[in-house]
Every structure is written in structure tokens, then in C-alpha cells.
Amino acid sequence: MSNQTDRIIIFDTTLRDGEQSPGASLTVEEKLTIARALARLGVDIIEAGFPYASPGDFQAVQKIAETVGTENGPRICGLARASTKDIKAAGEALKPAFKSRIHTFIATSDIHLKHKLKKTRSEVLDIVPEMVAYAKTFTDDIEFSPEDAGRSDPEFMYQVLETAIAAGATTVNIPDTVGYTTPSEFGAIIKGIKDNVPNIDQAIISVHGHDDLGLAVANFLEAVKNGARQLECTINGIGERAGNAALEELVMALHVRRQYFNPFLGRAVDSTEPLTNINTQEIYKTSRLVSNLTGMIVQPNKAIVGANAFAHESGIHQDGVLKNKLTYEIMDAESIGLTNNQIVLGKLSGRNAFRTRLSELGFELSDNDLNNAFLRFKEVADKKKEITDWDLEAIVNDEIQQA
Ligand code: KIV
Ligand code: ZN
């Protein structure tokens, strides 16, 4: 049986690994708001949290499973170490979801085995099938990750993956946990897995990576060329330390350069079929929402969603773009949901224009919050000629904090 797909599966971990960014913790309600936005964005799988880690995370995963994990919604996933307590908590939290997944992991690098787990390779080889089989008693869809795969002995990792698949893992995820590998190395790891794990056709190959050397997205694109079909990523690239691979960068690289990537997915070069299920026009909104709720600011020069990503400063560039946008733009701002609209908000603007602009920035306020924010907007507009998006975000954030 082949488990390969010709679309790339987008597994969003903003609510799990993304929330591991220092200072980015979210309430259950905030997680639910982000999960709804991720569903509108069209992600295939939402890793909603780590249910055993805290009662709050359990509750968030359960709530998301119930309200976002509907028949036509995304699959909802919960993280669990390879231990019965973790797996049981994940299985229980995920019960309300129409489609669920348990993601269980254990480290395979000698550094982690020796200093963190204090286990031998042969002990790990015993734990993996036992825990995958236990997870399988809660749901059919099991993802297994050999943590720190990027620094693991390949031969040992092949054995662990074979065992996990034989026990029922349907996705094997290859994490570059410390963002150590380079693109050609990471591509070779994926190729090695395809060539050396005998039952690999029974599972989807997924990748997960951190951005310690700024290489996570490049590593993933190389992994796609070598057979990876699921990408684990976060909005704005937030996550542990330097963050995770950024969803918006991966999706737009696959979208803008699809003729380059088509043949790696077995398609004709000129196929216009999208490579992912993402509705790219939701990208900007979702980015703003996640930034506002986590407090993680997006740097102005950040690819795709930074404030300067579609701005042209020098005279030569402005002149070129006015003559033909293609001179200095490789994608339309509209393709990520920027409206480029000419409505300038000021003291004469009405509530409708105000609400519309807030919605474009990713804010969906209750009527009461909207009324209060609108009053504050009018006060600020009396003092300033033009209200920028930054002013609007400050107004709304003040309002949310006071509520
Ligand atoms: O970075 C990592 O290795 C992880 C695992 C839990 C997949 O986040
Ligand atoms: Zn991670």
C-alpha cells in the first residue's frame, strides 16, 4: 500500500511548538480563536497542544477538538511523550474530534539517550512499538517522531522507524530538533529513510525543524524534493528558541515556485494544481492575529508578512513597479490577503470601515469591544491626520487589556 499524496500536507503546530516561544503563552479562549483562524486558512492538521502538560492545555485541546475538529474541519492532533500517561491524556482530550491524531515521540540521538533519557538504544527499540500500539487503541491515526533525528545515527533511526510503522504509525516525522542540519544534509536524511526503511511506503514522511541557523524553510524544501509530504510549521515561524519553519514562507515558496516543485510531486511542470490546501488569502490576517494574541512582534523585513515585504523605498524600484509590478515583485500582495485598498482611516471614517479594517488585520471583536475601540479610535483620529495599522493594533490591544 502506498501512503503518498501529491499535495503537501500542512501540519500547523502554532498552538503547541509555537506556544513554546518564551512569553507566548495563550489562554484557552485565545487558542480557540487561533484554531478557528487556522481552519479558515485551510491547514490539514492542527497540533492543538500537549494535553498531559497542564490542565489548561488538556482543556484547550478538548475544546478545539469539539468545536473546530468537525467533519469538514481539520484533523486535531495532541502531543504525547512515549509514555502511557501522556498518551492516555492525549487520547481522552481528542475524543470529541471527528478526525484525531496522537503524535508520540522519543529521542534517538546518543546525546539525548545518554544525558536526557538515560536509556540504551535497545530500550528505546522496545518502548517504541509498545507505545505506538497503545496510542492505536485511541485512534487509527498515529504520528511517531524520533526526536533529534538530525543528530541521530541513521542506521539506528531506520530501525526505530521500521518498528514504529510495523506497530501502526501512519506518519513518521523527522525532526531537526536543534536546527543543526543544512539543506543538502536534511534532504539526504529523507532520501536515506526512503531507501533504507523497508516498510516506509506504509507511512507519510513528515518533517519538523527549528530555525537556529535560519535554515528550517530551506531544509524543508529540500526534504520535499526527496519525498517528504507533510510539513510541520507555525504562523510567523514562532516556536522554541529561534522558532520553527514558518508556514507562510513554505506555502508561498511552494505556490510561487510550483513549476519548479511540480516534478518532485510526480506532476507535469506546467500543472497549475495547487501544491497545498492552504487558502493563501488568509495568510496575512492569520499572521496578524497570532502576533497580536501571542505578543510576538513580526520583524518589518520578515518574508511574506513583514510590514516591508511589499513596500518599495528606492526611486529606481518605485519607478520600475509603477511601470510594471513584475520588475520588483514575485507575488501579488493580494495573494496573501493584503487588500492594497486606498481607504485611509481618519476622523471622518465610519464604524463599518473601522470594523472592516480590523477584520483585515485579524481582529474579530465582540460588539461591546468594537464600540469601545471605535470611541477610542475617534479620540486618536482627532489628534492625528491619518491612522496607521500600528495605531489600530495599539487601540485594540489597549481595549482587550482593559476588558
Ligand atoms: O523539535 C522537536 O523535536 C519536537 C518534537 C516533539 C517533534 O518538537
Ligand atoms: Zn519542535
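## Basis of the model

The model is predicted: local features need pLDDT of at least 70 and side-chain atom pairs count only at pLDDT 80 or more, while totals for chains, interfaces and linings use all residues. Residues are numbered from 1 along each chain as its sequence is written, and chains are lettered from A and ligands numbered from 1 in the order in which they are written.

## Annotated domain

An unreviewed UniProt entry lists residues 8-269 as "domain: Pyruvate carboxyltransferase"; such annotations may be inferred rather than shown by experiment. The span is 43% helix and 18% strand, and its end C-alpha atoms lie 16 Å apart. Helices (H or I, at least four residues) and strands (E, at least two) are DSSP runs, numbered from the N terminus.

## Helix α3

In helix α3 (residues 84-94), the buried residues are Asp86, Ile87, Ala89, Ala90, Gly91, Ala93 and Leu94. A residue is buried if 20 or more other C-beta atoms, placed from the backbone, lie within 10 Å of its own. The buried residues of α3 pack against α2 (55-67), β3 (75-81), β4 (100-107) and α5 (121-135), with contact taken as C-beta atoms within 7 Å.

Notes:
A residue is buried if 20 or more other C-beta atoms lie within 10 Å of its own, exposed if 12 or fewer, and partly exposed in between; C-beta atoms are placed from the backbone. Two residues are in contact if their C-beta atoms, placed from the backbone, lie within 7 Å.
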